[in-house]
Amino acid sequence: MAVVKKAVAVFIAVSLLMSLWGAYVAYAVISMNPKLEASWGNVSEGEVEIVVDAELGKPLLVPASVENLSIKFNEVEVASLEEFKYSPTKPDAELVIELDTNKLVKAIESYFNNGQHGKADVRVKLGLFGLLHPTLKFSQEFHEDMLGQMNFKAESKPILGGLLHTPSVEGTRVVWMGGEDGVWKLKAYVTLKNPNSIPIPVSNLEFEISANGITVGKGKTSQGVTIPAGGIATVPIDVEIYSEYLPKVLATHIKNGEESTVRLNIYITADMGGKSVRIGLKSEEVVVKTDVMVSINEALSNVSRRE
């Protein structure tokens, strides 16, 4: 009888401990208000890591895992889980997400197709002791006028011993025209000013475009124009960007603190004093900046948990 009483006592004690532990786990999960902060991890041409540090506020004291993770940008799934670091006795965790730059290029194409508007959707499903499955969801919209930052200019310079001057580039407006078979098509409207006292017929204008030292595309006029003496004219240029080079550009963009230097080497073919001359214009570089990680952290600060 004494053995039975002892066994019952042990059973009751264990049950009480389990109940208290279960109550703590339930309280910890319900009251959990995680602080999340993201940063760039390892960056290569094909893959980019996003590291998310999570401060849970208290140890959960239970086995936990990330069962599923999905990151979509404009409905294109661009990332998956690479690693999850967690200990039941520690109040923090680390999530390493692998970003596929080739898929991201496709998502960026969708971004331009959508009028330079994008939306990132993140869904993380957790597993707690195999019983609870809370899901963290958040989304963030992006709208950065990246094409508007590509306003190239170039100063006039003397030629033919100073008898004439090349047209100056007063400004450039770039319009997205669509993408097909790995080629992004844009239209660039280049405004030229003629500093000379005679009109300058421009039979052709062409350029090469590079980003962070990587040549990614080219452009040329479909028809010539004449710039009146002392006047201006706008030249439409058909531009092609080859998306196969963009994963490398993205990698260097992130490594440079989300900054890219874009440069145009511009050439015009003009009638100068009765001679057809191909002239290289002095181009200015422009710096294109983004704040993707800032936007991600703004979204993480508003993260809400869903059961």
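**Aromatic residues first**

Student: Okay, Y111 and F112: buried or exposed?

Tutor: Both Y111 and F112 are buried. Keep in mind that this is a predicted model.

Student: How are the rings of Y111 and F112 arranged as an aromatic pair?

Tutor: Edge-to-face: their centres are 5.7 Å apart, and the planes make an angle of 70°.

Student: And what about W176 and W184?

Tutor: They form an edge-to-face pair too, with 5.4 Å centre to centre and 75° between the planes. W176 is buried, and W184 is buried as well.

Student: Switching to helix α2. Which of its residues are buried?

Tutor: T101, L104, V105, A107, I108, Y111 and F112. They sit on the same side of α2, because they cover an arc of only 165° around the axis.

Student: What should the span of α2 be, and how far apart are its end C-alpha atoms?

Tutor: α2 has 13 residues, 101-113, and at 1.5 Å a residue it should span 18 Å. Its end C-alpha atoms are 18 Å apart, so the two agree.

Student: What goes on at the start of α2?

Tutor: There, a side-chain oxygen of D100 comes to within 2.9 Å of the backbone nitrogen of N102.

Student: And what follows α2?

Tutor: G115 does, and its phi is positive, near 70°.

Student: Now L250. Where is it found?

Tutor: In helix α3, which covers residues 246-255. L250 has a relative accessible area of 17%, and the cut-off for buried is under 20%, so L250 counts as buried.

Student: How far apart are L250 and T101?

Tutor: In sequence, 149 residues; in space, 7.5 Å from C-alpha to C-alpha.

Student: Last topic: what volume does the largest pocket have?

Tutor: About 200 Å³. It is lined by 13 residues, and F207, K218, G219, K220 and D238 are the closest to its centre.

Student: Which elements give two or more residues to that lining?

Tutor: β12 (200-211), β13 (214-221) and β15 (232-242). The largest share comes from β13, with 4 residues.

Note on methods
Residues numbered from 1 in each chain as written. Predicted model: local features only at pLDDT ≥ 70, side-chain atom pairs only at ≥ 80, totals over all residues. Heavy atoms only, no water. Phe/Tyr/Trp six-rings, centres within 6.5 Å; stacked < 30°, edge-to-face > 60°. Buried < 20%, exposed > 50% of the residue type's maximum accessible area, 1.4 Å probe, protein only. Expected span 1.5 Å × (residues − 1). Arc of directions from axis to C-beta. Polar contact = N/O pair within 3.5 Å; in protein donor to acceptor, adjacent residues only side chain to side chain. 1 Å grid on protein atoms, 1.4 Å probe; cavity = no way out; pocket = protein on both sides within 12 Å on 5 of 7 lines; lining within 4 Å. Points joined across faces, edges and corners; volume = space filled by probe spheres on them.
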